[in-house]
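Hi,

Here is the structure I promised to pass on to you. Have a look at it first, and then read my notes below with the picture open beside you.

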Amino acid sequence: MNIIDGLLGEHGVLYAEIDYLEGTIPEEKAVADVQASLAFLAAGVQSHSRLEDELVFVSLERHLDGEQGVIQSMRRMHADLDATFERLRTATDLGVARDLASSAVALAREHFSAEEELCFPLAEDALPQDQLLRLGDTWAARRGLAGA
Amino acid sequence: MRDGGDVESMDIVETLLGEHGVLYAQLDHLEEAIPQLSVNALKAEIEVFAVALQSHSALEDELLFIALEPILGVGSPELLGMRMMHEDIDRQIEACRAATEVTQAQGQLLGVVELARQHFMGEEQTLFATAKKMIPQETRDALGATWASRRGVMRLMLAPEDL
């Protein structure tokens, strides 16, 4: 399967988690609860980012000539997400934890939209179809899908 | 998205496989984290997990399984089995919510994780393969468009030169 379809599928379920967290973060009563809620999202978002980095972005960088700005911007957003999740893991104040959690979910949503608008269409345009399919096979194997 | 650069179409089976992909990583995270979590932290994690898992099950039920009913039959063992597993997952999530002791909550949550993993593998090996073979591509794409709309994923992806 095309790797972009797999990654869009990942966005789909992560959006549902983001919707839920946007509603509940302001109501959380303890730092540990904010951290636990976000730990589940972080496991999904950060593994998703790594696969994009290692499979799509590396492939795109080899094919693009003078259009590296989009990829650099996407990598910077991944780094911002990592840094926000890390700061949340070490937060000790409830207000700070809520603010960091809200920033993480907002940044994840913004990043997914940017990928859907810019990065994924760029990959569809720049990478040959057989490469997108091979990357999809690698994605499926890395995710542990049955039959991959 | 398939051969021919049709960037507007998304096959429902592939998008649901995509959802499994990231959920597997989150199941791995839970298995590792559960032994260290307090009851409150477990309950905070289970709520996010429940939103992801139950919204995924609802989309499968309402989109893919209904499309398979005319092909396999409403009472087919494959569909009944998968729907029963969705109900089992719902019941185990409820049991986890009701747990008051840490070991009880940890055990219940590990049970949900194991059941979800088995369920995903079962779907990938049987029902998704059947859907790919038996549901016409056009129908799978239409269902993929509905999935994208329900999930809020951008369906119409603009070509870079149009941006």
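From the N terminus on, chain B runs α-α-α-α-α. That gives five helices and zero strands in chain B. Please keep in mind that this is a predicted model. Of the 163 residues in chain B, 51% are buried. If you take the contacts in chain B between residues at least 6 apart in sequence, 80% of them join residues at least 24 apart.

Where the two chains meet

Two packed helices are described by the angle between their axes and the distance between the axes. The crossing of α1(A) and α1(B) is right-handed. On the α1(A) side, the residues taking part include G6(A), G9(A), V13(A) and L14(A), and on the α1(B) side they include G18(B), G21(B), V22(B) and L23(B). Sorted by class, this contact of α1(A) with α1(B) has four nonpolar, seven polar and five charged residues.

The nonpolar core

Which residues touch the most other members of the largest nonpolar core? They are L38(A), F49(B) and L64(B), in a core of 101 residues. Helix α2 of chain B (residues 39–72) gives this core its largest share, 15 residues. To follow one of these residues on your screen, pick L38(A): not counting residues up to four places away in sequence, L38(A) touches L21(A), I25(A), F85(A), L88(A), A101(A), A104(A) and V105(A).

Now find H86(B), which lies in helix α3 of chain B (residues 77–98). Is H86(B) buried or exposed? H86(B) counts as buried because its relative accessibility is 3%, and the cut-off for buried is under 20%. The side chains of H86(B) and D61(B) are joined by a polar contact of 3.3 Å. Leaving aside neighbours within four places in sequence, H86(B) is also in contact with other residues, among them S57(B), E60(B), F65(B), H119(B) and E123(B).

For contrast, look at E27(A), in the loop between α1 and α2 (31–63) of chain A. E27(A) has a relative accessible area of 51%, so it is exposed; the cut-off for exposed is over 50%. Ten residues away along the chain is E17(A), and the C-alpha atoms of E27(A) and E17(A) are separated by 16 Å.

Happy exploring!

How values were computed:
Residues numbered from 1 in each chain as written. Chains lettered and ligands numbered in written order. Predicted model: local features only at pLDDT ≥ 70, side-chain atom pairs only at ≥ 80, totals over all residues. Heavy atoms only, no water. Left-handed = near helix turned anticlockwise from the far one by under 90°. Helix = DSSP H or I, 4+ residues; strand = E, 2+ residues; numbered from the N terminus. Contact = heavy atoms within 4.5 Å. Nonpolar A, V, L, I, M, F, W, Y, C, P; charged D, E, K, R; others polar. Core = buried A, V, L, I, M, F, W, Y, C linked by side-chain atoms within 4.5 Å. Buried < 20%, exposed > 50% of the residue type's maximum accessible area, 1.4 Å probe, protein only. Polar contact = N/O pair within 3.5 Å; in protein donor to acceptor, adjacent residues only side chain to side chain.
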